[in-house]
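Let us take a friendly look at aromatic rings and their neighbours. Please keep the viewer open as you read.

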Amino acid sequence: MKTGTIKQILLITDGCSNHGEDPVAMAALAREFGITVNVIGVMENDIIDEQGVREIEGIARQGGGVSQIVYSQVLSQTVQMVTRKAMTQTLQGVVNQELRQILGNQASLENLPPEKRGEVLEVVDELNETVDLEVLILVDTSASMKHKLPTVKEALLDLSLSLNARMGNNQFSLFIFPGKGNEVEKLLDWTPKLESLTTVFAKLNPSGMTPTGPALKEAITYFKEKHSVRGYLSRHDDEFYEESI
Amino acid sequence: MMMNSMKSPFNFASGTIIQGKWHHNRYTIIRELGRGANGIVYLADWNGKKVAIKVSDNHVTITSEVNVLKSFTKAQGVSLGPSLFDVDDWIHNGSQISFYVMEYIAGTDLLTFIKQNGTTWLPVLISQLLTDLDYLHKNGWVFGDLKPENLLVTKSPVKIRCIDVGGTTMQGRAIKEFTEFFDRGYWGLGSRRAEPSYDLFAVAMIVINLFYPKRFQKHGVGIEQLKKAIQDVKELRQYRPILLKALAGKYSSATEMKKELLKLIHFPSAHHQTTPKYQTNKNQRAQTNNTRTRRKKQKNKHGILETILIVAIVCIIYAVYIFEQIM
C-alpha cells in the first residue's frame with residue numbers, strides 16, 4: 001500500500017462561535033476535501049455551556065474527527081492523544097475501504113475474526129508510524145482564552161515532540177482567530193517543527209469575537225493552496241486518502 | 001478528567017456472563033479489578049479458574065494489546081506480561097464488545113507494597129524489573145507506559161510483574177501511550193521515540209515516585225528540579241548516581257543499570273552483621289575505617305612479597321647467565 005498524507009485541522013477553543021458561517025457546516029465541507037477536523041474544548045474553572053459542548057461535538061462529528069473537552073492542566077496529553085487517535089481512525093477508514101473491495105460490502109475490521117484482525121491492525125500501526133501528516137492548528141484567541149494560551153503553547157510543543165518521534169514526515173501550520181484586523185490570521189507557515197512557535201505566540205492579542213466558521217473556511221482554503229502549488233511541483237499521491245474516506 | 005466518550009461507558013455487575021462469539025467460551029464476572037482510559041479489567045471465573053478479562057468498546061485497543069501479548073508468548077520463558085488465554089467478541093444488547101482473557105495476577109501495586117514492606121525491597125524489585133526490561137528490549141520492544149500502577153508485586157515468591165501492556169511499542173517507533181510524570185519528553189529530557197533509555201528514564205522516575213507518592217508537576221528546568229528532588233530525600237540520595245545517569249539517558253541497556261544499582265548496595269561485613277541495629281553511626285564509621293586499613297595492610301604485604309619474588313627471579317637468571325659465561 002502506498003503511503004499518502006493525512007490532513008488534519010486541530011481546533012482549540014473554549015466555547016461557542018458567534019460570528020460568520022456555521023462551523024459545523026464548514027467542518028462538513030472540510031471532510032469533503034479529505035481533511036479531518038478535531039476539536040479540543042479547553043476549560044479552566046469555568047464549565048463550557050451545553051451549547052458550546054454541542055457545537056464542539058458537532059464540528060468533530062461532521063469533520064470525521066475526534067473531540068475532547070478537558071481542563072487546561074491535562075491539555076498536553078490530550079492534544080497529542082486526539083491527534084493520534086484521529087490518525088488511526090482515518091487509516092482504519094482506509095483499511096476498511098480496502099477490505100470491502102476485497103471481501104465485499106459487509107467486511108470491516110470489526111467483523112473479522114480476532115486472529116485476522118490482529119494482522120490487519122499491524123498494517124494500520126505500520127501506516128500510523130510512516131504516513132506523512134499535515135496538521136493545521138486553529139487557536140481560538142478570544143478574550144476568555146487569554147490566560148489559557150500559555151498552556152496551549154506548551155501543549156503544541158508537546159504535540160510536535162510526540163509526532164516528530166514518528167518515522168513519517170510532519171508539517172504544521174498555525175492560525176489564530178480572531179486575528180489582527182482580520183477574522184483569521186496566519187502565525188506560522190508550514191513547517192516540520194513547531195519549536196519556532198515560541199516567538200510567534202508572544203504576539204497574541206486576544207479580542208472578543210469568536211469566528212470559528214470563517215476560521216475553518218480559511219483553513220480549508222489554505223490546505224487547497226498548499227496542495228495546488230505542490231501539484232505543480234511534483235505528482236504526489238496526496239489525493240489518495242481523500243478518495244478512500 | 002476527560003469528559004468525553006474515551007472513558008469506557010459500561011459497568012457490568014458480578015455474575016454477568018460474557019460469552020465469546022467466535023470461540024464460545026463462557027466467563028462469569030466476579031468483580032472489577034481496575035479501569036483505565038482504554039477499558040475495564042474484570043476478575044472472572046472460567047470453569048473454576050480465576051482469570052482477568054479486559055473489555056473495551058474499542059476493538060483496536062484490544063487487538064493491539066493482544067498483538068503485544070502474543071509476541072511476548074512467542075518470546076517465552078520470562079514472565080513479562082500476563083499470559084494470554086483467549087481473544088473474542090461478545091454481543092451484548094446488540095453491540096459488539098471486544099475482550100481478551102489473560103492470567104490473573106494477584107498482588108499489590110508497587111507503591112502500596114513498598115509502603116507496607118519497607119524500602120529494603122526497593123533495590124530487589126527494581127533489579128527484577130530491570131531484568132525483565134532487558135529481556136523485553138532485547139526482543140525489540142519498549143514498555144512505554146511504565147509506572148507503579150502498571151506494576152504488581154506478587155506475594156510468594158515476591159516478584160514484580162508488568163500488567164498493562166497498552167503502551168508497549170516496537171523499538172524505533174513513537175511511544176504509543178505514556179504518563180507525563182514518567183515521560184522524559186514532558187521533563188524536556190529526550191524524545192518520545194521508543195528506545196531502551198526511554199524505559200530506563202521511567203524506572204528512575206518510579207524510584208523517585210516511591211519517595212514522592214503524590215508526584216509533582218514540572219516547574220522551570222526539568223533536570224534541576226529532579227536533581228533537587230533526589231537531593232532532598234536521604235534515602236534517595238544513595239541512588240543518586242544511577243538515577244541521574246538514567247535521567248540523562250546514559251544507560252545503553254537495562255543490565256548496565258542493574259549492575260550499577262547492585263553495586264550501590266552496601267553489604268555489612270560478616271563481623272558487622274552481628275552488631276545490633278541501634279549502634280551509632282560513629283561506631284559504624286569507625287568500623288568501616290578499621291576494615292579499610294586492614295585491607296590496606298594486606299595489600300602492602302602482598303606488595304613486599306611480590307618485590308622479593310621478582311628480585312629473586314632476576315638474581316637466578318643473572319646467576320645462570322654468569323654461570324654460562326664462565327663455562
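What follows is a short report on aromatic contacts.

## About the model

This is a predicted model, in which local features need pLDDT of at least 70 and side-chain atom pairs count only at pLDDT 80 or more, while totals for chains, interfaces and linings use all residues. Residues are numbered from 1 along each chain as its sequence is written, chains are lettered from A and ligands numbered from 1 in the order in which they are written, and side-chain values use heavy atoms, leaving out hydrogens and water.

## An edge-to-face pair in chain A

Over all chains, the structure holds 16 aromatic pairs. Rings of Phe, Tyr and Trp (its six-membered ring) pair if their centres lie within 6.5 Å; planes under 30 degrees apart are stacked, over 60 edge-to-face, and the rest tilted. A:F175 and A:Y222 make an edge-to-face pair, at 4.8 Å centre to centre and 70° between the planes. A:F175 belongs to strand β5 (residues 170–177) of chain A and A:Y222 to helix α7 (residues 212–233) of chain A, so the pair ties together parts 47 residues apart in sequence. Helices (H or I, at least four residues) and strands (E, at least two) are DSSP runs, numbered from the N terminus.

Both A:F175 and A:Y222 are buried; buried means under 20% relative accessible area, exposed over 50%, and partly exposed in between (1.4 Å probe, protein chains only).

## A tilted pair in chain B

With ring centres 5.8 Å apart and planes at 40°, B:Y27 and B:W46 form a tilted pair. B:Y27 is buried at 0% relative accessible area, whereas B:W46 is partly exposed at 22%.
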